[in-house]
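Here is a short report for a first look at this structure.

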Amino acid sequence: MTIHAATPEQRLQDLGLTLPAPRQAAGNYVGCVRTGNLLFLAGQGTDEYRGKLGEDVTVEVGYLAARQCMLNLLAVVKREIGELSKVKRIVKLLGFVNSAPDFTDQPKVMNGASDLLVQIFGEKGKHARSAVGMAQLPHNNAVEVEMIVEIEE
């Protein structure tokens, strides 16, 4: 008997998560640019999580915000390539955290996105990452994340 590995979509379902409808770009840009076998994804925030980490948003809520940003990004990837099993590797994340001046736990917040990628893609989900604090983000988003993905040719 052959046992087939779960697809990324099945792993999402097992986690009790669903991909939202891809969000529309908020300006004169596109949500995803494909060049060769790389996808460059524009930053995604959330509609659910607003505020500044270290003032009115906890690290735990920030973690959930980063996870929701990643679900929003994965929805764009799925729209672009049809199925998430075509992801060869998550290459890089850049996380922007709306931070109070003395807040320094941006990496803990961004683990919400990183942990989800490893849960869904396993080793292929491990990536390079930067997590930076920002004085403000558009629409007072708590977190915004952008991503580079390598896909199967």
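## The largest pocket

About 270 Å³ of space lies in the largest pocket. A pocket here is an open set of points on a 1 Å grid over the protein atoms alone, with protein on both sides within 12 Å along at least five of seven lines. The volume is the space filled by probe spheres (1.4 Å probe) set on the points.

The lining has 17 residues, and Arg 23, Ala 26, Tyr 29, Gly 43 and Gly 45 lie nearest the centre. Lining residues have an atom within 4 Å of a point. Five are nonpolar, eight polar and four charged, with Gly counted as polar. Strand β2 (residues 38-44) gives the most, three residues.

## About the model

This is a predicted model: local features need pLDDT of at least 70, side-chain atom pairs need 80 or more, and totals for chains, interfaces and linings use all residues. Residues are numbered from 1 along each chain as its sequence is written, and side-chain values use heavy atoms, without hydrogens or water.

## The nonpolar core

The largest nonpolar core has 37 residues. Such a core joins buried nonpolar residues (under 20% relative accessible area, 1.4 Å probe, protein chains only) through side-chain atoms within 4.5 Å. Leu 41, Met 70 and Val 77 are among those with the most contacts inside it. Helix α2 (59-81) gives the most to this core, with 10 residues.

## An exposed loop residue

Pro 101 lies in the loop between β3 (87-98) and α3 (106-121). It counts as exposed because its relative accessibility is 84%, and exposed means over 50%.

## The annotated span

UniProt, in an unreviewed entry, lists residues 9-149 as "domain: Endoribonuclease L-PSP/chorismate mutase-like". Such annotations may be inferred rather than shown by experiment. The span is 32% helix and 26% strand, from DSSP runs (helices H or I, at least four residues; strands E, at least two).
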